Amino acid sequence: MDHDRTTEIINKFEITSVVNSYFRALDDKNFDGRHFASIFTSEAIVTRPNGASLIGPEEIRASHEKSFTPFEGSQHFVASHDISLDGTTVNVRANLIAMHMWQGTKADANKLDNFFVAGGVVLATLIQSNGQWKISQMSNAVLWRAGGFKDMKQTGT
């Protein structure tokens with residue numbers, strides 16, 4: 001295997017790991033500022049499914065910490081990372097299915113009102129600086145949803 005192909009495979013692996021690390025942090029409720037700073041650029045923009053844009057790792061972190069408070073747990077399945085490399089910039093398209101369990105439900109997914117699940121597409125741009133890939137922009141377009149939404153404002157189509 002030639003050096004360019006090996007570098008491309010390594011970059012794609014690292015890029016996938018950064019994207020997955022973001023969603024793993026949400027599921028683990030790891031809202032540590034150092035972690036968010038390690039995966040986002042200082043001017044990163046995350047556009048939430050409701051259209052609200054968050055700028056910078058601290059605002060992204062704080063918003064997620066607040067919005068995940070009502071959930072006992074969540075699980076984000078990110079798959080089919082389609083990665084287009086262009087030098088030190090990359091565009092990623094991935095499929096996402098996310099399940100959120102409401103507080104007090106004891107993770108009982110047998111009752112429809114205890115959770116909601118949504119599916120959609122994640123679009124992200126990452127840049128490489130000092131040998132490290134970081135998210136500079138990310139959005140999540142919700143394509144479908146099911147379950148109990150309680151008083152949560154629904155977003156998307």
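In this predicted model, the side chain of threonine 125 makes a polar contact with the side chain of asparagine 91 at 3.0 Å; such a contact is a pair of N or O atoms within 3.5 Å, where within protein one must be able to donate a hydrogen and the other to accept it, and residues adjacent in sequence count only if both atoms are side-chain atoms. Threonine 125 sits in strand β5, residues 115-129. Once its neighbours within four places in sequence are set aside, threonine 125 touches Thr89, Val90, Asn91, Lys134, Ile135, Ser136 and Gln137, contact meaning heavy atoms within 4.5 Å.

A word on the bookkeeping: the model being predicted, local features need pLDDT of at least 70 and side-chain atom pairs count only at pLDDT 80 or more, while totals for chains, interfaces and linings use all residues. Residues are numbered from 1 along each chain as its sequence is written, and side-chain values use heavy atoms, with hydrogens and water left out.

Stepping back to the whole chain, there are three helices and six strands, taken as DSSP runs numbered from the N terminus (helices H or I, at least four residues; strands E, at least two). Along the sequence they come in the order α-α-β-β-α-β-β-β-β. The radius of gyration is 16 Å, close to the 15 Å that the globule rule gives for 157 residues, so the chain is as compact as a globular protein of that length; the radius is taken over C-alpha atoms, and the rule is 2.2 Å times the number of residues to the power 0.38. The C-alpha trace spans about 55 × 30 × 25 Å along its principal axes. Of the contacts between residues at least 6 apart in sequence, 55% join residues at least 24 apart. Buried residues account for 38% of the 157 (buried is under 20% relative accessible area, exposed over 50%, partly exposed in between, with a 1.4 Å probe and protein chains only).

Helix α3, residues 57-67, has Pro57, Ile60, Arg61 and His64 buried. Seen down the axis of α3, these buried residues fall within an arc of 95 degrees, so they line one face of the helix; the arc is that of the directions from the helix axis to the C-beta atoms. The cover over them includes α1 (3-28), α2 (33-39), β1 (40-47) and β2 (53-55).

The aromatic side chains are worth a look too. Nine aromatic pairs turn up, a pair being rings of Phe, Tyr and Trp (its six-membered ring) with centres within 6.5 Å; planes under 30 degrees apart count as stacked, over 60 as edge-to-face and the rest as tilted. One of them joins phenylalanine 71 and tryptophan 102, a tilted pair with 5.0 Å from centre to centre and 40 degrees between the planes. Phenylalanine 71 belongs to strand β3 (residues 71-86) and tryptophan 102 to strand β4 (residues 89-102), so the pair ties together parts that are 31 residues apart in sequence. Phenylalanine 71 is buried at 5% relative accessibility, and tryptophan 102 is buried at 5%. Ring pairs link Tyr22, Phe23, Phe31, Phe36, Phe40, Phe68, Phe71, Trp102 and Phe116 into a cluster.

Tryptophan 102 also meets threonine 105, whose side chain reaches the backbone oxygen of tryptophan 102 at 2.7 Å. Threonine 105 lies in the loop between β4 and β5 and is buried, with a relative accessible area of 8%. Beyond its neighbours within four places in sequence, threonine 105 contacts Glu72 and Asn114.
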